[in-house]
Amino acid sequence: MNIDFPIIWFAIIIFATLMYIIADGFDLGIGIILPFTKDKIQRDIMVNSVAPVWDGNETWLVLGGAALYGAFPLAYAVIIDALTIPLTLMLIGLIFRGVAFEFRVNALPKHRQFWDLAFIGGSFLATFCQGVTVGAVINGFEVTGRSFSGSALDWLAPFPLFCGFALLITYALLGSSWLIMKTEHQLHRKMCSITVYLAIALLVAIAIVSLWTPLTHEDIAQRWFSLPNLFFLLPVPLCVLACTWGIVRSAYNYGHYLPFLLSLLLVFIGFSGLGVSIFPHIIPPTISIWDAASPVLSQKFMLVGAVIIIPVILAYTSWSYYVFRGKVEPNENYH
């Protein structure tokens, strides 16, 4: 029996990336929507809702990066070369966001505003750069031989920049719907109102990306609109519409859990659509996962570690969310 290890590792990277988007997305989203409230108690509740779990969420980012480096070294080298600036800015944003988490709770009142701004700015910067990275990957890279041959500023194009703004909306929706699930009273109602607008804005952003991508990439248009692919993929936009309607309806009626669950499903559908668009290329438009793969022996060796570590990460992540389940109270503090 022949095992296609590049497919397995591609699935692991996609899984780790999706888990990161889901897990770290809502706490970055809280930083994005923090400016919507000036009340100190409400801001503390918003931050405290993710304070016990936020740092564990980034484990998935580390796992995805390490897997890409080990399983697809050519793709890692090209992406790092092409996206040095946005990836560096992303890390700076994550650092600012992480430091603000730890410092704002112990800061003097006169310094609290600075750390709130660091939290907000770091969340905006990290999220925008992640969106730019996704957009740049979809656009593809110039590769000569086995090296990136384009410009270090190729990512400064309209489509990647728009993807950066679209991801800001996505994470903001995850953050607001998370807070719907974790808060009560006035803050809960405020987040419900924000979620309605964010869901509609995200639907518009998804529609623009869905039209922009096939219009500028003939191979993607062929994949989505040729027969019989059109019939198989038609449920994707229908599911996006259904999820958006469900989010808006539930938030409008001041629901608790459904807006967040449907937001996760909406993100999953959108992410799956991007995967359908570029597969099997890990570096569009020419380098497939098999072209970029490391030797089979290396992939086998790494897979042993992945089989052990991924269940461990899932176990302690699930346990931490279970322990800190329920609504956040105003008198609860993060130390």
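View 1: Leu 89 sits in helix H6 (residues 84-104); helices here are DSSP runs of H or I with at least four residues, numbered from the N terminus. This is a predicted model, where local features need pLDDT of at least 70, side-chain atom pairs count only at pLDDT 80 or more, and totals for chains, interfaces and linings use all residues. Residues are numbered from 1 along each chain as its sequence is written, and side-chain values use heavy atoms, with hydrogens and water left out. With a relative accessible area of 32%, Leu 89 is partly exposed (buried means under 20%, exposed over 50%, partly exposed in between, using a 1.4 Å probe and protein chains only).

**View 2: Helix H4 meets helix H5.** The axes of H4 (residues 59-71) and H5 (residues 73-82) come within 5 Å and cross at roughly 120°. Those axes are lines fitted to C-alpha atoms over the stretch in contact, with angles from 0 to 180 degrees between N-to-C directions.

**View 3: Ser 294 in a loop.** You'll find Ser 294 between helix H14 (289-292) and helix H15 (296-323). Ser 294 is buried, at 10% relative accessible area. Beyond its neighbours within four places in sequence, Ser 294 touches Gly 70, Ala 71, Pro 73 and Gln 299 (contact means heavy atoms within 4.5 Å).

**View 4: Ser 176 in helix H8.** Ser 176 belongs to H8 (residues 158-182), and because its relative accessibility is 0%, Ser 176 counts as buried. Setting aside neighbours within four places in sequence, its contacts are Ile 33, Met 191, Ile 194, Thr 195 and Leu 198.

Methods: Helix = DSSP H or I, 4+ residues; strand = E, 2+ residues; numbered from the N terminus.
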